[in-house]
Amino acid sequence: MTMERRLIINCDDFGQSQAMNQAIQHLLEENKASSATIMTVAPGFEEAASWTARRRQPNVGLHLTMTSEFETLRWSSLTGHPSLHDQSGHQYATVQEFEQKAETGAVLKELDAQYERASKAGIPVSHVDNHMGSLYGMETGRSLIPQMLWKTSRWRLPARLFRYIHPEDPLLSSLSNIERPVALASSLADMLGVPIPDYLLSHPFPVVEGETYDSFKQSLIDKLYRLPEGVSETYVHPGAEDAWMLANIPNWEKRVWEYRLLFDDDFAYGLRDAKVILTDYRYVEENLKRPRIRSAVKLMKAMAQK
């Protein structure tokens, strides 16, 4: 029996700037993207939150943000704990610095503060993910996935993780010894009652050498025809053309491309022709939750394996 192939297209970095807000609001209004995740610490948060709350937009999640990567656009934590900041008083510019220096207790309080700010702003939070993967332990091995999943379970929300590795994914399939951490994380999510998608699909964040809008578009359309069965998520960082951002934010051209792509008739045709169903985290929440007791047994078995 052939399963459906469903795709979540999530717009990361909602609230980062006016240009990001403009693009993401437009995509959500026109149902060209499945969802977005909002940064409660970023300069454009209040504008994005006001729009979301006014519309009662049902598909805006929380982009847990522990890093501030741009030299010309910085932000700080909500709690102000010194272990969460660099010498400038902003969140760390790199994931490696965050993993090395942030105190776990301070991180947990910051996660709560970011969720509470989104909720108090009137946002009906739909799901949770993490800016730059800072909680995943990819740089030094210090993973805070268990703590993130525990908080997410308390908030009764789905989360961006994945239970399978798509062999064609350029990032995840290249990581060595990733199978066991993925099995542990997905089993823990199941045990805690946190629904997650089946796959996470990545694509290069910057413009790669020789890449054009047309070649980028074709690469994404090609992926639609090779999408695995089940529910996959991919993420984009769409932005409207903005003179300041184009001058000051690295790889801003790719953000403009991603905004343009989701309105492109060729991409829309590819979705239909490949029989890919655009879906969101409501589907994940309603259909992908696993039995918790069975998941606990699975987790213990995974932990026992060497």
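Reader: Where is the place of A121?

Author: The model discussed here is a predicted one. In it, helix α4 covers residues 104-120. The place of A121 is in the loop between α4 and β4 (128-130).

Reader: Is A121 buried, partly exposed or exposed?

Author: The relative accessible area of A121 is 27%. A residue counts as buried under 20% and as exposed over 50%, with partly exposed in between. A121 is therefore partly exposed.

Reader: Which residues does A121 touch, not counting residues up to four places away in sequence?

Author: A121 and S50 are 71 residues apart along the chain, and their C-alpha atoms are separated by 7.3 Å. Contact means heavy atoms within 4.5 Å. Leaving out residues up to four places away in sequence, A121 touches F45, A49 and A53.

Reader: How many helices and strands does the protein chain have?

Author: Helix α4 and helix α5 are among the helices, and strand β1 is one of the strands. The secondary structure of the protein chain comes to twelve helices and seven strands.

Reader: Why is the protein chain said to be as compact as a globular protein of that length?

Author: The C-alpha trace spans about 55 × 50 × 40 Å along its principal axes. For 306 residues the globule rule gives 19 Å, and the protein chain is judged as compact as a globular protein of that length because its radius of gyration is close to that value, at 19 Å.

Reader: What percentage of the residues of the protein chain count as buried?

Author: The protein chain exposes about 14200 Å², of which carbon and sulfur atoms supply 51%. A residue counts as buried under 20% relative accessible area. Of the 306 residues, the part that counts as buried is 54%.

Reader: How is the aromatic pair of F14 and W51 arranged?

Author: The structure holds six aromatic pairs. In the pair of F14 and W51, the centres are 6.0 Å apart and the planes are at 85°. Planes over 60 degrees apart count as edge-to-face. The pair of F14 and W51 is accordingly edge-to-face.

Reader: How many residues apart are F14 and W51?

Author: Both F14 and W51 are buried. F14 lies in strand β1 (residues 5-14) and W51 in helix α2 (residues 45-55). The pair links distant parts of the chain, 37 residues apart.

Reader: Why is the pair of Y115 and W155 called stacked?

Author: The ring centres of Y115 and W155 are 4.4 Å apart. Planes under 30 degrees apart count as stacked. The planes of Y115 and W155 are at 10°, so the pair is stacked.

Reader: Which parts of the chain does the pair of Y115 and W155 tie together?

Author: W155 is buried, with a relative accessible area of 11%. Since the two residues are 40 apart in sequence, the pair ties together helix α4 (residues 104-120), which holds Y115, and helix α5 (residues 145-155).

Reader: Is S153 buried or exposed?

Author: S153 is found in helix α5 and touches L192 and V194, not counting residues up to four places away in sequence. Its relative accessible area is 16%. Under 20% a residue counts as buried, and S153 is therefore buried.

Reader: Which residues does H237 touch, not counting residues up to four places away in sequence?

Author: H237 is found in the loop between β6 (230-236) and α8 (243-248). H237 is buried, with a relative accessible area of 9%. Apart from residues up to four places away in sequence, H237 touches D12, D13, M20, F205, R255 and E258.

Reader: What is the relative accessibility of D13?

Author: D13 lies in strand β1. Among the residues that D13 touches are H63, H131, H237 and R255. D13 counts as buried because its relative accessibility is 1%.

Reader: Is N177 buried or exposed?

Author: N177 lies in the loop between α5 and α6 (179-191). Although N177 is not a glycine, its phi is positive, at about 55°. With a relative accessible area of 67%, N177 is exposed.

Notes. Residues are numbered from 1 along each chain as its sequence is written. This is a predicted model: local features need pLDDT of at least 70, side-chain atom pairs count only at pLDDT 80 or more; totals for chains, interfaces and linings use all residues. Side-chain values use heavy atoms; hydrogens and water are left out. Helices (H or I, at least four residues) and strands (E, at least two) are DSSP runs, numbered from the N terminus. The radius of gyration is taken over C-alpha atoms; the globule rule is 2.2 Å times the number of residues to the power 0.38. Buried means under 20% relative accessible area, exposed over 50%, partly exposed in between (1.4 Å probe, protein chains only). Accessible areas come from the Shrake-Rupley method with a 1.4 Å probe; for residues, only the protein chains shown count as cover. Rings of Phe, Tyr and Trp (its six-membered ring) pair if their centres lie within 6.5 Å; planes under 30 degrees apart count as stacked, over 60 as edge-to-face and the rest as tilted.
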